[in-house]
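Hi everyone, thanks for making time for this. Please have a look at it first.

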There are 2 protein chains.
Amino acid sequence: MARPLTDLDAGREQLIDLVIEIIEERGSAAVTVTELAARAQMSPASLYRYYESKEALIEAVAGRWFQPMVAMMEEVLASDLPPRRKMYEFYARRFVHMRKIWQRDPVAFKTYCELGEEHFEQVRSYVDLGDHYLGTIIGEAMADGHFDGLELDEAISLVNQMTSVYCNIGPMQYLFPKLTEAKLARIVDALFDGLSGQDRGAKGVTGLRVA
Amino acid sequence: MARPLTDLDAGREQLIDLVIEIIEERGSAAVTVTELAARAQMSPASLYRYYESKEALIEAVAGRWFQPMVAMMEEVLASDLPPRRKMYEFYARRFVHMRKIWQRDPVAFKTYCELGEEHFEQVRSYVDLGDHYLGTIIGEAMADGHFDGLELDEAISLVNQMTSVYCNIGPMQYLFPKLTEAKLARIVDALFDGLSGQDRGAKGVTGLRVA
């Protein structure tokens with residue numbers, strides 16, 4: 001979208017830049033109207049011309065964080081790769097992107113985790129979008145005979161759970177030294193070759209209950 | 001171990017009870033020497049007769065938290081269940097135990113998560129013990145032909161990653177409504193039926209690298 005920015009849009013983008021600057025220099029607790037107004041050389045009241053609330057501003061910062069990852073997901077979805085490869089790329093590209101952010105500044109990465117936790121409402125739509133795209137890939141895999149016997153929603157939930165450490169920044173930040181693209185690939189292969197709703201007979205554990 | 005407690009042991013146990021009381025009533029930030037001494041009706045200096053440092057006290061609280069789960073792991077390991085069933089019980093029993101704690105008091109559960117994060121050094125030995133027991137189960141599964149082509153350490157790491165949401169309290173606290181024993185069983189079945197180091201040929205994604 002190379003349309004020219006209006007003054008309002010440009011002001012909004014500049015404020016996002018400044019919020020990110022505050023987050024990366026001083027942590028999320030320092031993101032206050034006073035601090036932001038000082039950096040923007042505006043009165044606190046003028047900030048409200050650009051964002052009607054702090055929540056709206058945080059939502060815009062979340063948008064900046066997720067935008068490249070949404071683009072990655074859409075590129076993978078639009079490709080003509082087979083479903084297994086699509087699922088790998090779906091996770092791997094975003095994982096590599098997040099690892100770069102973490103490598104550049106682990107403390108800022110931790111701050112983004114905390115912000116996401118505190119403002120989950122502003123993040124939820126991206127989680128839902130990710131589930132939607134994942135469901136599309138799983139649907140294609142099902143058409144090829146994978147995940148036999150599972151409902152689509154059940155398969156989405158199981159795949160989310162089994163790949164959680166490569167996708168959710170909270171746990172990821174502590175595990176980076178143990179996370180690799182090679183392991184992710186083994187997990188995706190295990191999903192495609194092992195995850196199903198088929199009855200395993202006596203050898204399986206599905207259906208057991210803990211006493 | 002039903003040996004009679006010495007006065008020192010009894011005092012230590014009582015202080016752990018009081019720390020848990022403070023955590024559950026007021027959160028981890030309220031665990032201070034002053035607060036604990038007041039509840040124990042002791043001088044702050046007397047506390048050091050029982051624990052030489054706050055770290056030693058936190059370690060004792062971690063011991064109380066992990067003790068029932070260590071017992072669960074040891075019971076599963078000592079059983080003559082087949083390896084797949086052992087792995088399921090290894091995770092499921094602890095998951096059900098933690099879910100009960102969360103259901104009783106989600107805020108206290110969050111406090112335990114924060115404490116574990118802040119004092120990871122006091123928790124590490126339990127994580128290592130869990131890895132050791134998991135390695136034993138995986139070794140038994142390998143003897144039955146599972147996880148073919150994987151090194152033991154690699155298999156431990158992959159299984160840890162794929163089951164992370166059923167074992168690590170940090171991510172677990174946000175996911176409880178989506179976590180079930182039935183899904184855990186499907187994940188364990190997927191692991192046993194799909195996870196290996198075998199070459200999948202053209203269909204597999206192992207060995208790919210993100211550009």
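Let's begin inside helix α5 of chain B, where B:E89 and B:R85 sit four residues apart, about one turn of the helix. By helix I mean a DSSP run of H or I with at least four residues, a strand being a run of E with at least two, and both are numbered from the N terminus. These two side chains form a salt bridge, with 2.9 Å between the closest N and O atoms. The term salt bridge here stands for a side-chain nitrogen of Lys or Arg within 4 Å of a carboxyl oxygen of Asp or Glu. B:E89 is buried, at a relative accessible area of 3%, whereas B:R85 is partly exposed at 27%. The cut-offs are under 20% relative accessible area for buried, over 50% for exposed, and partly exposed in between, using a 1.4 Å probe and protein chains only.

Before going further, some housekeeping. This is a predicted model, where local features need pLDDT of at least 70 and side-chain atom pairs count only at pLDDT 80 or more, while totals for chains, interfaces and linings use all residues. Residues are numbered from 1 along each chain as its sequence is written, chains are lettered from A and ligands numbered from 1 in the order in which they are written, and side-chain values use heavy atoms, with hydrogens and water left out.

Now over to chain A. What does its secondary structure come to? Ten helices and zero strands. The C-alpha trace spans about 70 × 40 × 30 Å along its principal axes. Of the 211 residues in chain A, 49% are buried. If you take contacts in chain A between residues at least 6 apart in sequence, 67% of them join residues at least 24 apart; contact means heavy atoms within 4.5 Å.

Over all chains, the structure holds 39 of them. One joins A:R64 and A:D17, at 2.9 Å from N to O. A:R64 belongs to helix α4 (residues 54-78) and A:D17 to helix α1 (residues 7-26), so this pair links parts of chain A that are 47 residues apart. Both ends are partly exposed: A:R64 has a relative accessible area of 29%, and A:D17 has 40%.

Another pair is A:D193 with A:R84, at 2.8 Å from N to O. Because A:D193 lies in helix α10 (residues 181-194) and A:R84 in helix α5 (residues 83-104), the pair ties together parts of chain A that are 109 residues apart in sequence. A:R84 is buried at 5% relative accessible area, while A:D193 is partly exposed at 27%. There is also a network of salt bridges in chain A, linking A:E21, A:E25, A:R26, A:E35 and A:R39.

On the chain B side, α5 (83-104), α6 (106-118), α8 (152-162), α9 (169-175) and α10 (181-194) each supply at least two residues of the side touching chain A. Which helix gives the most? That is α10(B), with eleven residues. By class, this side of chain B has 20 nonpolar, nine polar and 16 charged residues. Here Ala, Val, Leu, Ile, Met, Phe, Trp, Tyr, Cys and Pro count as nonpolar, Asp, Glu, Lys and Arg as charged, and the others, Gly among them, as polar.

In total, 45 residues of chain B are in contact with 45 residues of chain A. The two chains bury about 4,000 Å² between them, 59% of it on carbon and sulfur atoms. That buried area is the accessible area (1.4 Å probe) that two parts lose on being put together, summed over both.

One last stop: B:Y48, in helix α3 (residues 44-50) of chain B. B:Y48 is partly exposed, at 44% relative accessibility. Not counting residues up to four places away in sequence, B:Y48 touches B:V33 and B:S53.
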